[in-house]
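Open the model in your viewer and keep the sequence panel beside it. We will go from the whole chain down to single residues.

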Amino acid sequence: QVQLVESGGGLVQAGGSLRLSCAASGRSFSKHVMAWFRQTPGKEREFIAAITWSGAIDLAGSMPGRVIISRDNVVKTCYLQMNGLKPEDTAVYYCAAGATFERLEADYAYWGQGTQVAVSS
């Protein structure tokens, strides 16, 4: 079992930056692929980025050149640095952990509760 808790969301002006954190507890954090998704009302969760235990990264095209995903296996935390935020980035951002390096929501067994990001124009 892996428990995930996101933090770092909030209200920011367009062009600003936020760093989201995902603190994990439980066993085998370092063996899991960590990913970030986001969701707006009425839409499916959208994949943003994933990172393996060794640091391999997969970035979707939803936020090109504006996000950096990283992880610290010692402190069991995954991060999502977001720069140049736009109003359309407003969403609930979720952290997820899974066993495979994929982009599908169904491939991730563990989820955090989400953190709200709001970008004002």
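The tour below tells you what to select and what is there.

**Before you start**

This is a predicted model: local features need pLDDT of at least 70, side-chain atom pairs count only at pLDDT 80 or more, and totals for chains, interfaces and linings use all residues. Residues are numbered from 1 along each chain as its sequence is written, and side-chain values use heavy atoms, with hydrogens and water left out.

**Stop 1: the whole chain**

Show the protein chain as a cartoon. How many helices and strands does the secondary structure of the protein chain come to? There are zero helices and eleven strands. Helices (H or I, at least four residues) and strands (E, at least two) are DSSP runs, numbered from the N terminus. Follow the chain from the N terminus and the elements read β-β-β-β-β-β-β-β-β-β-β.

Look at contacts next. Contact means heavy atoms within 4.5 Å. Take the contacts in the protein chain with a separation of 6 or more: residues 24 or more positions apart account for 58% of them.

**Stop 2: the surface**

The protein chain exposes about 6,100 Å², and carbon and sulfur atoms supply 52% of it. Accessible areas come from the Shrake-Rupley method with a 1.4 Å probe; for residues, only the protein chains shown count as cover.

Colour by charge. The protein chain has 11 positive and 10 negative side chains. The centres of the two sets lie 6 Å apart. Lys and Arg count as positive and Asp and Glu as negative; His and the chain ends are not counted. The place of a charge is taken as NZ of Lys, CZ of Arg, CG of Asp or CD of Glu.

**Stop 3: the core**

Hide the surface. Buried residues make up 43% of the 121 residues in the protein chain. Buried means under 20% relative accessible area, exposed over 50%, and partly exposed in between (1.4 Å probe, protein chains only). In soluble globular proteins, nonpolar side chains tend to be buried together.

Select Leu4, Met34, Trp36, Ile48, Leu80, Met82 and Tyr93. These have the most contacts inside the largest nonpolar core, which has 26 residues. Elements that give two or more residues to this core include strand 1 (2-7), strand 4 (33-39) and strand 8 (77-82). A second, separate core of eight residues includes Val33, Ala35, Phe37 and Ala50. A nonpolar core is a set of buried Ala, Val, Leu, Ile, Met, Phe, Trp, Tyr and Cys residues joined through side-chain atoms within 4.5 Å.

Zoom in on leucine 80. Not counting residues up to four places away in sequence, leucine 80 touches Leu18, Arg19, Leu20, Trp36, Ile48, Val67, Ile68, Ile69 and Tyr93.

**Stop 4: valine 2**

Select valine 2, in strand 1. Valine 2 is buried, with a relative accessible area of 7%. Beyond four places in sequence, it touches Ala24, Ser25, Arg27, His32 and Tyr110. Draw a line from valine 2 to aspartate 89: the C-alpha atoms are 27 Å apart.

**Stop 5: two residues side by side in sequence**

Go to the loop between strand 5 and strand 6 (57-59), where threonine 52 lies. Tryptophan 53 lies in that loop too. Which is buried and which is exposed? Threonine 52 counts as buried at 11% relative accessibility, while tryptophan 53 is exposed at 55%.

Setting aside residues up to four places away, threonine 52 touches Val33, Arg71 and Phe101.

**Stop 6: across to another loop**

Select asparagine 73, in the loop between strand 7 and strand 8. Its C-alpha atom is 7.5 Å from that of tryptophan 53, 20 residues away along the chain. Asparagine 73 counts as partly exposed, at 28% relative accessibility.

Finish at lysine 76, in the loop between strand 7 and strand 8. Lysine 76 has a positive phi of about 55 degrees although it is not a glycine.
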